[in-house]
Protein chains: 2
Amino acid sequence: MDDLELNANAYLPLRDVVFATLREAILKGDLKPGERLMELQLAAKLGVSRTPIREAIRMLQKEGLAVTIPRKGAQVAAMTQKDMEDALQIREALEILAVRLACEHITKQQLAALEHNIALFEASVKANDLAQMAQADIAFHDMIYEAASNPRLMGVLNHLRENVYRYRVEYLKDDKNHPRLLEEHRQIVAGLKRQEKEHVSEIMKQHLSNQAAAMKDIIRAQE
Amino acid sequence: MDDLELNANAYLPLRDVVFATLREAILKGDLKPGERLMELQLAAKLGVSRTPIREAIRMLQKEGLAVTIPRKGAQVAAMTQKDMEDALQIREALEILAVRLACEHITKQQLAALEHNIALFEASVKANDLAQMAQADIAFHDMIYEAASNPRLMGVLNHLRENVYRYRVEYLKDDKNHPRLLEEHRQIVAGLKRQEKEHVSEIMKQHLSNQAAAMKDIIRAQE
DNA sequence: CGGATGTATTTTGCATACATGATTTTACCA
DNA sequence: TGGTAAAATCATGTATGCAAAATACATCCG
(Lines give C-alpha, C1' and ligand atoms only; values in the text may rest on other atoms or scores of the structure.)
Protein backbone atom coordinates (compact mmCIF):
# COMPACT_ATOMS: atom_id res chain seq x y z
CA MET A 1 0.00 0.00 0.00
CA ASP A 2 1.19 3.49 -0.80
CA ASP A 3 1.03 6.27 1.70
CA LEU A 4 -2.39 7.72 2.04
CA GLU A 5 -2.88 11.36 2.64
CA LEU A 6 -5.86 12.94 4.24
CA ASN A 7 -7.01 16.15 2.62
CA ALA A 8 -9.03 17.30 5.55
CA ASN A 9 -9.31 20.82 4.27
CA ALA A 10 -13.08 20.72 4.39
CA TYR A 11 -15.20 21.03 7.46
CA LEU A 12 -16.58 17.52 7.23
CA PRO A 13 -16.80 14.72 9.74
CA LEU A 14 -13.54 12.83 9.67
CA ARG A 15 -15.38 9.62 8.85
CA ASP A 16 -16.44 11.14 5.55
CA VAL A 17 -12.95 12.33 4.76
CA VAL A 18 -11.55 8.92 5.64
CA PHE A 19 -14.24 7.24 3.58
CA ALA A 20 -13.46 9.41 0.57
CA THR A 21 -9.75 8.83 0.98
CA LEU A 22 -10.02 5.07 1.22
CA ARG A 23 -12.55 4.93 -1.58
CA GLU A 24 -10.22 6.88 -3.81
CA ALA A 25 -7.29 4.66 -2.87
CA ILE A 26 -9.27 1.55 -3.70
CA LEU A 27 -10.50 2.90 -7.03
CA LYS A 28 -7.06 4.10 -8.03
CA GLY A 29 -5.64 0.76 -7.09
CA ASP A 30 -3.39 2.04 -4.32
CA LEU A 31 -5.24 -0.32 -2.06
CA LYS A 32 -5.34 -3.60 -3.90
CA PRO A 33 -8.09 -6.21 -3.84
CA GLY A 34 -7.61 -8.56 -0.92
CA GLU A 35 -5.47 -6.11 0.98
CA ARG A 36 -6.37 -5.93 4.63
CA LEU A 37 -7.80 -2.74 6.05
CA MET A 38 -6.40 -2.68 9.55
CA GLU A 39 -7.87 -0.08 11.77
CA LEU A 40 -4.85 0.77 13.84
CA GLN A 41 -2.57 0.89 10.84
CA LEU A 42 -4.92 3.13 8.85
CA ALA A 43 -5.54 5.28 11.90
CA ALA A 44 -1.81 5.82 12.33
CA LYS A 45 -1.32 6.47 8.64
CA LEU A 46 -4.10 9.00 8.44
CA GLY A 47 -3.44 10.54 11.80
CA VAL A 48 -6.86 9.89 13.30
CA SER A 49 -8.26 7.48 15.83
CA ARG A 50 -9.87 4.15 15.09
CA THR A 51 -13.39 5.49 15.45
CA PRO A 52 -13.69 7.37 12.15
CA ILE A 53 -11.79 4.56 10.44
CA ARG A 54 -14.29 2.02 11.63
CA GLU A 55 -17.23 4.10 10.48
CA ALA A 56 -15.63 4.62 7.10
CA ILE A 57 -15.10 0.88 6.78
CA ARG A 58 -18.76 0.24 7.50
CA MET A 59 -19.59 2.61 4.67
CA LEU A 60 -17.11 1.02 2.28
CA GLN A 61 -18.59 -2.31 3.18
CA LYS A 62 -22.09 -1.19 2.21
CA GLU A 63 -20.70 0.30 -0.99
CA GLY A 64 -19.27 -3.08 -1.87
CA LEU A 65 -15.71 -1.78 -1.93
CA ALA A 66 -14.72 -3.74 1.16
CA VAL A 67 -15.80 -6.98 2.72
CA THR A 68 -15.58 -7.62 6.42
CA ILE A 69 -15.41 -10.85 8.31
CA PRO A 70 -16.48 -10.55 11.94
CA ARG A 71 -13.54 -10.55 14.35
CA LYS A 72 -11.24 -10.90 11.41
CA GLY A 73 -11.38 -7.47 9.91
CA ALA A 74 -12.02 -5.86 6.57
CA GLN A 75 -10.26 -6.16 3.28
CA VAL A 76 -10.57 -4.56 -0.12
CA ALA A 77 -13.22 -6.36 -2.13
CA ALA A 78 -11.95 -8.46 -4.96
CA MET A 79 -13.69 -8.28 -8.30
CA THR A 80 -13.74 -11.37 -10.42
CA GLN A 81 -14.56 -11.45 -14.07
CA LYS A 82 -17.98 -12.78 -13.18
CA ASP A 83 -18.62 -9.91 -10.75
CA MET A 84 -17.62 -7.56 -13.49
CA GLU A 85 -19.89 -9.11 -16.07
CA ASP A 86 -22.73 -9.07 -13.57
CA ALA A 87 -22.22 -5.41 -12.93
CA LEU A 88 -22.03 -4.65 -16.64
CA GLN A 89 -25.30 -6.45 -17.29
CA ILE A 90 -27.04 -4.32 -14.72
CA ARG A 91 -25.36 -1.23 -15.96
CA GLU A 92 -26.53 -1.88 -19.51
CA ALA A 93 -30.15 -2.23 -18.43
CA LEU A 94 -29.99 0.93 -16.36
CA GLU A 95 -28.05 3.07 -18.79
CA ILE A 96 -30.67 2.25 -21.37
CA LEU A 97 -33.38 3.16 -18.92
CA ALA A 98 -31.56 6.38 -18.19
CA VAL A 99 -31.20 7.39 -21.80
CA ARG A 100 -34.85 6.58 -22.47
CA LEU A 101 -35.94 8.73 -19.57
CA ALA A 102 -33.53 11.41 -20.68
CA CYS A 103 -35.23 11.40 -24.09
CA GLU A 104 -38.41 12.47 -22.38
CA HIS A 105 -37.04 14.99 -19.96
CA ILE A 106 -33.93 16.53 -21.44
CA THR A 107 -33.79 20.32 -21.70
CA LYS A 108 -32.12 22.57 -24.22
CA GLN A 109 -29.52 23.55 -21.65
CA GLN A 110 -28.68 19.93 -20.98
CA LEU A 111 -28.35 19.22 -24.69
CA ALA A 112 -26.04 22.18 -25.04
CA ALA A 113 -23.97 20.90 -22.13
CA LEU A 114 -23.71 17.51 -23.79
CA GLU A 115 -22.51 19.08 -27.00
CA HIS A 116 -19.98 21.08 -25.11
CA ASN A 117 -18.87 17.89 -23.42
CA ILE A 118 -18.31 16.26 -26.76
CA ALA A 119 -16.12 19.13 -27.86
CA LEU A 120 -14.16 18.76 -24.65
CA PHE A 121 -13.80 15.04 -25.17
CA GLU A 122 -12.62 15.59 -28.71
CA ALA A 123 -10.05 18.07 -27.52
CA SER A 124 -8.72 15.70 -24.88
CA VAL A 125 -8.49 12.91 -27.45
CA LYS A 126 -6.46 15.18 -29.69
CA ALA A 127 -4.28 16.23 -26.78
CA ASN A 128 -4.15 12.62 -25.63
CA ASP A 129 -5.02 13.81 -22.13
CA LEU A 130 -6.20 10.65 -20.49
CA ALA A 131 -7.30 12.18 -17.21
CA GLN A 132 -9.43 14.79 -18.91
CA MET A 133 -10.83 12.16 -21.24
CA ALA A 134 -11.89 9.95 -18.36
CA GLN A 135 -13.42 12.91 -16.62
CA ALA A 136 -15.29 13.98 -19.72
CA ASP A 137 -16.57 10.47 -20.30
CA ILE A 138 -17.87 10.28 -16.75
CA ALA A 139 -19.39 13.73 -17.09
CA PHE A 140 -21.12 12.72 -20.31
CA HIS A 141 -22.89 9.84 -18.68
CA ASP A 142 -23.60 11.86 -15.56
CA MET A 143 -25.35 14.46 -17.66
CA ILE A 144 -27.59 11.79 -19.09
CA TYR A 145 -28.36 10.47 -15.62
CA GLU A 146 -29.16 14.00 -14.61
CA ALA A 147 -31.46 14.46 -17.58
CA ALA A 148 -33.25 11.24 -16.68
CA SER A 149 -34.57 13.08 -13.61
CA ASN A 150 -34.36 10.01 -11.44
CA PRO A 151 -31.91 10.68 -8.62
CA ARG A 152 -32.13 7.16 -7.38
CA LEU A 153 -31.17 5.80 -10.79
CA MET A 154 -28.28 8.18 -10.80
CA GLY A 155 -27.21 6.81 -7.45
CA VAL A 156 -27.31 3.21 -8.54
CA LEU A 157 -25.46 3.93 -11.75
CA ASN A 158 -22.76 5.89 -10.00
CA HIS A 159 -22.41 3.06 -7.59
CA LEU A 160 -22.03 0.54 -10.37
CA ARG A 161 -19.55 2.73 -12.14
CA GLU A 162 -17.37 2.79 -9.07
CA ASN A 163 -16.97 -0.91 -9.14
CA VAL A 164 -15.87 -1.12 -12.75
CA TYR A 165 -13.89 2.09 -12.63
CA ARG A 166 -10.48 0.43 -12.60
CA TYR A 167 -11.09 -1.31 -15.89
CA ARG A 168 -12.83 1.58 -17.47
CA VAL A 169 -9.68 3.62 -17.16
CA GLU A 170 -7.75 0.82 -18.83
CA TYR A 171 -10.26 0.86 -21.65
CA LEU A 172 -9.64 4.54 -22.24
CA LYS A 173 -5.91 3.99 -22.37
CA ASP A 174 -6.26 2.21 -25.68
CA ASP A 175 -6.14 4.83 -28.42
CA LYS A 176 -8.06 2.81 -30.94
CA ASN A 177 -11.20 2.99 -28.83
CA HIS A 178 -11.35 6.75 -28.90
CA PRO A 179 -12.84 7.48 -32.33
CA ARG A 180 -15.62 4.97 -31.89
CA LEU A 181 -16.41 6.18 -28.41
CA LEU A 182 -16.58 9.75 -29.60
CA GLU A 183 -18.79 8.86 -32.52
CA GLU A 184 -21.16 6.96 -30.27
CA HIS A 185 -21.41 9.89 -27.93
CA ARG A 186 -22.22 12.09 -30.89
CA GLN A 187 -24.96 9.80 -32.06
CA ILE A 188 -26.44 9.57 -28.60
CA VAL A 189 -26.67 13.33 -28.37
CA ALA A 190 -28.18 13.51 -31.85
CA GLY A 191 -30.75 10.92 -30.87
CA LEU A 192 -31.56 12.70 -27.63
CA LYS A 193 -32.06 15.93 -29.50
CA ARG A 194 -34.63 14.31 -31.75
CA GLN A 195 -36.04 12.30 -28.85
CA GLU A 196 -35.68 9.08 -30.83
CA LYS A 197 -36.09 6.84 -27.87
CA GLU A 198 -35.71 3.49 -29.57
CA HIS A 199 -32.83 4.59 -31.73
CA VAL A 200 -30.90 6.08 -28.87
CA SER A 201 -31.49 2.96 -26.78
CA GLU A 202 -29.89 0.91 -29.51
CA ILE A 203 -26.86 3.13 -29.76
CA MET A 204 -26.41 3.14 -26.03
CA LYS A 205 -26.63 -0.60 -26.01
CA GLN A 206 -23.96 -0.78 -28.68
CA HIS A 207 -21.86 1.79 -26.88
CA LEU A 208 -21.92 -0.25 -23.70
CA SER A 209 -21.38 -3.60 -25.31
CA ASN A 210 -18.29 -2.25 -27.05
CA GLN A 211 -16.95 -1.11 -23.72
CA ALA A 212 -18.00 -4.30 -21.99
CA ALA A 213 -16.24 -6.45 -24.54
CA ALA A 214 -13.07 -4.43 -24.29
CA MET A 215 -13.16 -4.45 -20.50
CA LYS A 216 -13.61 -8.17 -20.42
CA ASP A 217 -10.53 -8.51 -22.58
CA ILE A 218 -8.64 -6.34 -20.16
CA ILE A 219 -9.65 -8.29 -17.10
CA ARG A 220 -8.88 -11.53 -18.90
CA ALA A 221 -5.43 -10.26 -19.78
CA GLN A 222 -4.81 -9.34 -16.18
CA GLU A 223 -5.63 -12.76 -14.80
CA MET B 1 -41.37 5.02 18.54
CA ASP B 2 -42.21 1.69 20.04
CA ASP B 3 -39.84 -0.18 22.24
CA LEU B 4 -37.16 -1.94 20.29
CA GLU B 5 -35.85 -5.26 21.39
CA LEU B 6 -32.50 -6.68 20.57
CA ASN B 7 -32.53 -10.37 19.73
CA ALA B 8 -28.84 -10.86 20.26
CA ASN B 9 -29.14 -14.63 20.21
CA ALA B 10 -26.52 -14.93 17.51
CA TYR B 11 -22.80 -14.61 17.87
CA LEU B 12 -22.58 -11.57 15.68
CA PRO B 13 -21.01 -8.16 16.17
CA LEU B 14 -23.50 -5.97 17.97
CA ARG B 15 -23.40 -3.47 15.12
CA ASP B 16 -24.94 -6.08 12.84
CA VAL B 17 -27.62 -6.95 15.36
CA VAL B 18 -28.37 -3.29 15.91
CA PHE B 19 -28.41 -2.70 12.17
CA ALA B 20 -30.87 -5.55 11.63
CA THR B 21 -33.03 -4.35 14.50
CA LEU B 22 -33.21 -0.77 13.29
CA ARG B 23 -33.71 -1.83 9.69
CA GLU B 24 -36.60 -4.02 10.73
CA ALA B 25 -38.10 -1.23 12.82
CA ILE B 26 -37.90 1.19 9.90
CA LEU B 27 -39.41 -1.26 7.41
CA LYS B 28 -42.21 -2.21 9.77
CA GLY B 29 -42.89 1.44 10.39
CA ASP B 30 -42.08 1.37 14.09
CA LEU B 31 -39.53 4.01 13.32
CA LYS B 32 -41.32 6.54 11.19
CA PRO B 33 -39.87 8.62 8.38
CA GLY B 34 -38.32 11.78 9.74
CA GLU B 35 -37.92 10.35 13.21
CA ARG B 36 -34.55 11.16 14.73
CA LEU B 37 -32.13 8.38 15.45
CA MET B 38 -30.41 9.59 18.57
CA GLU B 39 -27.42 7.59 19.58
CA LEU B 40 -27.71 7.83 23.33
CA GLN B 41 -31.39 7.14 23.29
CA LEU B 42 -31.05 4.10 21.03
CA ALA B 43 -28.07 2.88 23.01
CA ALA B 44 -30.08 3.03 26.22
CA LYS B 45 -33.09 1.40 24.61
CA LEU B 46 -31.07 -1.46 23.17
CA GLY B 47 -28.77 -1.79 26.13
CA VAL B 48 -25.54 -1.24 24.25
CA SER B 49 -23.06 1.58 23.96
CA ARG B 50 -23.04 4.27 21.34
CA THR B 51 -20.32 2.64 19.28
CA PRO B 52 -22.34 -0.15 17.66
CA ILE B 53 -25.24 2.26 17.26
CA ARG B 54 -23.09 4.67 15.33
CA GLU B 55 -21.77 1.96 13.05
CA ALA B 56 -25.26 0.65 12.42
CA ILE B 57 -26.38 4.16 11.52
CA ARG B 58 -23.56 4.47 8.98
CA MET B 59 -24.81 1.24 7.40
CA LEU B 60 -28.43 2.37 7.40
CA GLN B 61 -27.28 5.56 5.79
CA LYS B 62 -25.58 3.74 2.94
CA GLU B 63 -28.66 1.55 2.55
CA GLY B 64 -30.75 4.66 2.08
CA LEU B 65 -32.90 3.93 5.10
CA ALA B 66 -31.53 6.84 7.07
CA VAL B 67 -30.13 10.23 6.20
CA THR B 68 -27.58 11.98 8.34
CA ILE B 69 -26.72 15.62 8.59
CA PRO B 70 -23.25 16.24 9.99
CA ARG B 71 -23.25 17.37 13.60
CA LYS B 72 -27.00 17.16 13.53
CA GLY B 73 -27.60 13.46 13.57
CA ALA B 74 -29.49 10.85 11.62
CA GLN B 75 -33.16 10.41 10.92
CA VAL B 76 -35.26 7.83 9.19
CA ALA B 77 -35.31 8.55 5.48
CA ALA B 78 -38.55 9.85 4.13
CA MET B 79 -39.91 8.43 0.94
CA THR B 80 -41.90 10.71 -1.26
CA GLN B 81 -44.11 9.61 -4.09
CA LYS B 82 -41.40 10.66 -6.51
CA ASP B 83 -38.77 8.56 -4.70
CA MET B 84 -41.15 5.67 -4.88
CA GLU B 85 -41.80 6.07 -8.58
CA ASP B 86 -38.09 6.38 -9.21
CA ALA B 87 -37.42 3.16 -7.37
CA LEU B 88 -40.23 1.39 -9.21
CA GLN B 89 -38.84 2.46 -12.58
CA ILE B 90 -35.50 0.96 -11.73
CA ARG B 91 -37.09 -2.11 -10.29
CA GLU B 92 -39.07 -2.68 -13.47
CA ALA B 93 -35.97 -2.54 -15.63
CA LEU B 94 -34.08 -4.90 -13.37
CA GLU B 95 -36.88 -7.38 -12.73
CA ILE B 96 -37.21 -7.70 -16.47
CA LEU B 97 -33.49 -8.22 -16.78
CA ALA B 98 -33.68 -10.82 -14.03
CA VAL B 99 -36.47 -12.76 -15.62
CA ARG B 100 -34.72 -12.70 -18.99
CA LEU B 101 -31.55 -14.03 -17.45
CA ALA B 102 -33.58 -16.57 -15.53
CA CYS B 103 -35.02 -17.78 -18.83
CA GLU B 104 -31.54 -18.73 -19.89
CA HIS B 105 -30.27 -20.21 -16.67
CA ILE B 106 -33.18 -21.67 -14.78
CA THR B 107 -32.93 -25.32 -13.73
CA LYS B 108 -35.61 -27.96 -13.34
CA GLN B 109 -35.23 -27.79 -9.57
CA GLN B 110 -35.77 -24.07 -9.60
CA LEU B 111 -38.85 -24.43 -11.77
CA ALA B 112 -40.21 -27.02 -9.40
CA ALA B 113 -39.55 -24.69 -6.48
CA LEU B 114 -41.43 -21.92 -8.26
CA GLU B 115 -44.40 -24.18 -8.83
CA HIS B 116 -44.34 -25.17 -5.22
CA ASN B 117 -44.25 -21.53 -4.30
CA ILE B 118 -47.34 -20.87 -6.37
CA ALA B 119 -49.17 -23.62 -4.55
CA LEU B 120 -48.09 -22.06 -1.29
CA PHE B 121 -49.23 -18.66 -2.40
CA GLU B 122 -52.58 -20.04 -3.47
CA ALA B 123 -53.02 -21.71 -0.12
CA SER B 124 -52.23 -18.51 1.75
CA VAL B 125 -54.69 -16.58 -0.43
CA LYS B 126 -57.37 -19.10 0.43
CA ALA B 127 -56.46 -18.97 4.09
CA ASN B 128 -56.19 -15.18 3.83
CA ASP B 129 -52.86 -15.43 5.61
CA LEU B 130 -51.29 -12.10 4.80
CA ALA B 131 -47.92 -12.75 6.37
CA GLN B 132 -47.45 -15.99 4.52
CA MET B 133 -48.64 -14.38 1.33
CA ALA B 134 -46.12 -11.58 1.61
CA GLN B 135 -43.39 -14.07 2.37
CA ALA B 136 -44.35 -16.24 -0.58
CA ASP B 137 -44.43 -13.26 -2.90
CA ILE B 138 -40.96 -12.22 -1.80
CA ALA B 139 -39.74 -15.80 -2.14
CA PHE B 140 -41.18 -16.01 -5.65
CA HIS B 141 -39.20 -13.05 -6.84
CA ASP B 142 -36.13 -14.15 -4.92
CA MET B 143 -36.20 -17.46 -6.73
CA ILE B 144 -36.20 -15.65 -10.03
CA TYR B 145 -33.28 -13.49 -8.91
CA GLU B 146 -31.52 -16.65 -7.88
CA ALA B 147 -32.18 -18.26 -11.24
CA ALA B 148 -30.79 -15.21 -12.98
CA SER B 149 -27.39 -16.21 -11.58
CA ASN B 150 -26.32 -12.65 -11.04
CA PRO B 151 -25.71 -12.12 -7.34
CA ARG B 152 -25.13 -8.46 -7.79
CA LEU B 153 -28.48 -8.04 -9.50
CA MET B 154 -30.05 -9.90 -6.63
CA GLY B 155 -28.41 -7.47 -4.25
CA VAL B 156 -29.67 -4.39 -6.03
CA LEU B 157 -33.19 -5.76 -6.34
CA ASN B 158 -33.35 -6.74 -2.71
CA HIS B 159 -32.16 -3.31 -1.84
CA LEU B 160 -34.85 -1.69 -3.96
CA ARG B 161 -37.47 -3.93 -2.49
CA GLU B 162 -36.57 -2.80 0.99
CA ASN B 163 -37.40 0.73 0.15
CA VAL B 164 -40.83 0.03 -1.22
CA TYR B 165 -41.58 -2.70 1.29
CA ARG B 166 -44.01 -0.68 3.36
CA TYR B 167 -46.30 -0.07 0.42
CA ARG B 168 -45.95 -3.52 -0.99
CA VAL B 169 -47.49 -4.91 2.15
CA GLU B 170 -50.38 -2.51 1.78
CA TYR B 171 -50.86 -3.71 -1.78
CA LEU B 172 -51.20 -7.28 -0.60
CA LYS B 173 -53.79 -6.30 1.97
CA ASP B 174 -56.29 -5.63 -0.78
CA ASP B 175 -58.06 -8.90 -1.56
CA LYS B 176 -58.99 -7.97 -5.08
CA ASN B 177 -55.33 -7.96 -6.13
CA HIS B 178 -54.77 -11.56 -5.19
CA PRO B 179 -56.25 -13.46 -8.14
CA ARG B 180 -54.46 -11.33 -10.69
CA LEU B 181 -51.18 -11.57 -8.86
CA LEU B 182 -51.48 -15.32 -8.66
CA GLU B 183 -52.34 -15.62 -12.31
CA GLU B 184 -49.38 -13.48 -13.30
CA HIS B 185 -47.06 -15.61 -11.24
CA ARG B 186 -48.45 -18.69 -12.97
CA GLN B 187 -47.86 -17.21 -16.38
CA ILE B 188 -44.35 -16.18 -15.48
CA VAL B 189 -43.52 -19.71 -14.43
CA ALA B 190 -45.10 -21.11 -17.57
CA GLY B 191 -43.05 -18.72 -19.67
CA LEU B 192 -39.87 -19.57 -17.82
CA LYS B 193 -40.50 -23.24 -18.35
CA ARG B 194 -40.72 -22.72 -22.09
CA GLN B 195 -37.91 -20.14 -22.02
CA GLU B 196 -40.06 -17.64 -23.85
CA LYS B 197 -37.91 -14.67 -23.06
CA GLU B 198 -39.91 -11.97 -24.77
CA HIS B 199 -43.23 -13.24 -23.59
CA VAL B 200 -42.13 -13.57 -20.00
CA SER B 201 -40.63 -10.09 -20.09
CA GLU B 202 -43.99 -8.73 -21.14
CA ILE B 203 -45.83 -10.49 -18.37
CA MET B 204 -43.34 -9.34 -15.79
CA LYS B 205 -43.70 -5.82 -17.05
CA GLN B 206 -47.45 -6.06 -16.69
CA HIS B 207 -47.12 -7.68 -13.30
CA LEU B 208 -44.99 -4.83 -12.04
CA SER B 209 -47.01 -2.06 -13.57
CA ASN B 210 -50.11 -3.43 -11.90
CA GLN B 211 -48.35 -3.36 -8.58
CA ALA B 212 -46.83 0.01 -9.26
CA ALA B 213 -50.18 1.55 -10.10
CA ALA B 214 -51.75 0.14 -6.97
CA MET B 215 -48.86 1.26 -4.80
CA LYS B 216 -49.03 4.74 -6.19
CA ASP B 217 -52.70 4.84 -5.26
CA ILE B 218 -51.79 3.76 -1.77
CA ILE B 219 -49.13 6.37 -1.28
CA ARG B 220 -51.45 9.00 -2.72
CA ALA B 221 -54.16 8.00 -0.30
CA GLN B 222 -51.76 8.29 2.59
CA GLU B 223 -50.68 11.82 1.81
C1' DC C 1 -44.73 42.10 23.84
C1' DG C 2 -41.02 40.89 20.47
C1' DG C 3 -36.59 39.98 19.52
C1' DA C 4 -31.93 39.27 20.55
C1' DT C 5 -28.41 37.46 23.41
C1' DG C 6 -26.26 34.64 26.64
C1' DT C 7 -26.38 30.35 29.18
C1' DA C 8 -27.50 25.57 30.08
C1' DT C 9 -28.40 21.25 28.17
C1' DT C 10 -28.29 17.99 24.77
C1' DT C 11 -26.05 15.54 21.12
C1' DT C 12 -22.70 14.52 17.99
C1' DG C 13 -17.61 13.75 16.86
C1' DC C 14 -13.45 11.86 18.09
C1' DA C 15 -10.19 9.62 21.04
C1' DT C 16 -8.96 6.28 24.28
C1' DA C 17 -9.34 2.44 27.48
C1' DC C 18 -10.54 -2.14 28.31
C1' DA C 19 -12.11 -6.87 26.99
C1' DT C 20 -12.14 -10.73 23.99
C1' DG C 21 -11.22 -13.47 20.12
C1' DA C 22 -7.57 -14.58 16.63
C1' DT C 23 -2.89 -15.31 15.38
C1' DT C 24 1.73 -16.07 15.91
C1' DT C 25 5.60 -17.40 18.46
C1' DT C 26 7.92 -20.18 21.52
C1' DA C 27 8.87 -23.75 24.41
C1' DC C 28 8.54 -28.32 25.61
C1' DC C 29 7.87 -33.15 24.94
C1' DA C 30 7.51 -37.40 22.26
C1' DT D 1 12.95 -33.27 14.28
C1' DG D 2 8.03 -32.69 14.33
C1' DG D 3 4.10 -31.53 16.60
C1' DT D 4 1.35 -29.67 20.12
C1' DA D 5 0.26 -26.65 23.79
C1' DA D 6 0.85 -22.54 26.16
C1' DA D 7 1.90 -17.83 26.18
C1' DA D 8 2.56 -13.57 24.12
C1' DT D 9 1.09 -10.46 20.62
C1' DC D 10 -2.08 -8.39 17.76
C1' DA D 11 -6.58 -6.89 15.95
C1' DT D 12 -11.17 -6.33 16.55
C1' DG D 13 -15.37 -5.33 19.48
C1' DT D 14 -17.35 -2.51 22.89
C1' DA D 15 -17.69 1.04 26.33
C1' DT D 16 -16.63 5.42 28.06
C1' DG D 17 -14.63 10.08 28.46
C1' DC D 18 -13.99 14.60 26.75
C1' DA D 19 -14.50 18.50 23.56
C1' DA D 20 -17.16 21.11 20.46
C1' DA D 21 -21.21 22.08 17.97
C1' DA D 22 -26.19 22.50 18.03
C1' DT D 23 -30.35 23.24 20.35
C1' DA D 24 -33.39 24.83 23.87
C1' DC D 25 -34.33 27.92 27.19
C1' DA D 26 -34.30 31.82 29.95
C1' DT D 27 -33.20 36.48 30.58
C1' DC D 28 -32.64 41.07 29.28
C1' DC D 29 -33.36 45.11 26.49
C1' DG D 30 -35.95 47.75 23.08
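How do the residues of the surface near DNA strand D divide into nonpolar, polar and charged? They comprise 7 nonpolar, 3 polar and 6 charged residues, where Ala, Val, Leu, Ile, Met, Phe, Trp, Tyr, Cys and Pro count as nonpolar, Asp, Glu, Lys and Arg as charged, and the others, Gly among them, as polar.

The model is predicted: local features need pLDDT of at least 70, side-chain atom pairs count only at pLDDT 80 or more, and totals for chains, interfaces and linings use all residues. Residues are numbered from 1 along each chain as its sequence is written, while chains are lettered from A and ligands numbered from 1 in the order in which they are written.

A residue is near a strand if its C-beta atom, placed from the backbone, lies within 6 Å of it. DNA strand D is surrounded by 16 residues, the closest being A:Glu39, A:Gly73, B:Leu14, B:Ser49 and B:Thr51. Two or more residues of this surface come from each of helix H2 (39–46) of chain A, helix H1 (14–28) of chain B and helix H3 (50–63) of chain B. Helices (H or I, at least four residues) and strands (E, at least two) are DSSP runs, numbered from the N terminus.

There are likewise 16 residues around DNA strand C, of which A:Leu14, A:Val48, A:Ser49, A:Thr51 and B:Gly73 come nearest. Here helix H1 (14–28) and helix H3 (50–63) of chain A, with helix H2 (39–46) of chain B, each supply at least two residues. The surface near DNA strand C has 7 nonpolar, 3 polar and 6 charged residues.

| DNA strand | Element with the largest share of the surface | Share |
|---|---|---|
| D | H3(B) | 3 residues |
| C | H3(A) | 3 residues |

**Relation of the two chains**

Chain B is superposed on chain A by a rotation of 180° with 0.0 Å of shift along the axis, at an RMSD of 0.1 Å. This is therefore the relation of a two-fold axis. The same surface serves both copies, since 100% of the contact residues of chain B recur in chain A. The superposition is by least squares on the C-alpha atoms of residues with pLDDT of at least 70 in both copies, and two residues are in contact if their C-beta atoms, placed from the backbone, lie within 7 Å.

**Domains of chain A**

Chain A is assigned domain 1 (14–76) and domain 2 (81–222), with bounds from an automatic or database domain assignment. Their C-alpha centres lie 29 Å apart. The contact takes 4 residues from domain 1 of chain A and 5 residues from domain 2 of chain A. On the domain 1 side, these are 1 nonpolar, 2 polar and 1 charged.

**Strands of chain B**

Two strands pair if DSSP finds at least two bridges between them. Strand E1 (residues 36–37) of chain B pairs with strand E3 (residues 73–76) of chain B in the antiparallel sense over 2 bridges, and B:Leu37 stands opposite B:Ala74. Strand E2 (residues 66–69) of chain B runs antiparallel to E3(B), joined by 4 bridges; B:Val67 has B:Gln75 as its bridge partner. The hairpin of E2(B) and E3(B) has 3 residues between the strands, and B:Arg71 takes a positive phi near 65° there.

**Positive phi in a helical loop**

A:Asn128, which is not a glycine, has a positive phi of about 55°. A:Asn128 lies in the loop between helix H5 (108–127) and helix H6 (130–148) of chain A.
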